[in-house]
Amino acid sequence: ELAARIPLTDRGGLKELTEDINIISDKLQGLSLDMEAQVRKQTDRIKHETRSLEILYDVAASISNSRDLDDLLTRFLHTLKEVVHARAATVRLLTHDKQMRLVASIGLSDGAIAHEQIMPSQHCLCGQVVADGVIRSGTGIHNCDHLAGAPLFPTDDIEVIAVPLQYRERTLGVYNLFVDRQQT
């Protein structure tokens, strides 16, 4: 019992011995708590590294098992959505006429997906990401709702994160991750 202490007495030499034992007990208890914290910290680090390796494995397996680019992007979309705990996710590719073609979607209604097959890139966050090649986020998805013709989610506390899909310094499309605002 690391919290146990010997009651102090006024009896000569026993008082000093009791104080010394209690001081040693305090230090031992402190070391034990510090060791537990270090073990927790290392366990968390190992869990994080293990998760990172799982993600890398999933991506590598997706690359080797994919039939075409759309299939590869869809497989990676599932991994990306899971990693960030997104409510929904989409991946779009830029077409030759500067439109955004929906490749895959997870978590959106069939009605929203039907309206979002082809979207103009210049009127949305996706278009900004394609133009700039930088990750962007937006707290309001009203523009997405407007372009889709209906609300994508029943609540307004959604944030969209747009991640450029780049290859050889050229932006080919964008991943959209719809996350709960309190997660960001």
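Visitor: What does Ile21 count as at its relative accessibility?

Guide: Ile21 counts as partly exposed, because its relative accessibility is 32%; buried means under 20% relative accessible area, exposed over 50%, and partly exposed in between (1.4 Å probe, protein chains only). This is a predicted model, in which local features need pLDDT of at least 70 and side-chain atom pairs count only at pLDDT 80 or more, while totals for chains, interfaces and linings use all residues. Residues are numbered from 1 along each chain as its sequence is written, and side-chain values use heavy atoms, with hydrogens and water left out.

Ile21 belongs to helix α1, residues 12-65. Helices (H or I, at least four residues) and strands (E, at least two) are DSSP runs, numbered from the N terminus. Together with Ile6, Leu14 and Leu17, Ile21 makes a nonpolar surface patch of about 320 Å². Patches consist of residues with over 30% relative accessible area and no salt bridge, nonpolar side chains (Val, Leu, Ile, Met, Phe, Trp, Tyr) being joined within 5 Å and like charges within 9 Å. A salt bridge is a side-chain nitrogen of Lys or Arg within 4 Å of a carboxyl oxygen of Asp or Glu. Areas come from the Shrake-Rupley method with a 1.4 Å probe; for residues, only the protein chains shown count as cover.

The wider setting may now be considered. The protein chain has five helices and six strands, in the order α-α-β-β-α-β-α-β-α-β-β from the N terminus. Of its 184 residues, 32% are buried. The chain exposes about 12000 Å², and carbon and sulfur atoms supply 56% of that area.

After α4 comes Gly133, with a positive phi near 70°.

Two of these covering strands, β1 and β2, pair in the antiparallel sense over six bridges; strands pair if DSSP finds at least two bridges between them. Thr90 stands opposite Ser105 of β2. Four residues lie between the strands of this hairpin, and Lys98 takes a positive phi near 65° there. Strand β2 is also joined to β3 (residues 118-120), antiparallel, by three bridges, and Met100 has Met119 in β3 as its bridge partner.

In strand β5 lies Val160, which is buried at a relative accessible area of 4%. Its C-alpha atom is 5.6 Å from that of Leu177, 17 residues away along the chain.

One aromatic pair is found in the whole structure. Phe76 and Tyr175 form it edge-to-face, at 5.7 Å centre to centre and 70° between the planes. Rings of Phe, Tyr and Trp (its six-membered ring) pair if their centres lie within 6.5 Å; planes under 30 degrees apart count as stacked, over 60 as edge-to-face and the rest as tilted. Because Phe76 lies in helix α2 (residues 69-84) and Tyr175 in strand β6 (residues 170-180), the pair ties together parts 99 residues apart in sequence. Phe76 is partly exposed at 27% relative accessibility, whereas Tyr175 is buried at 3%.
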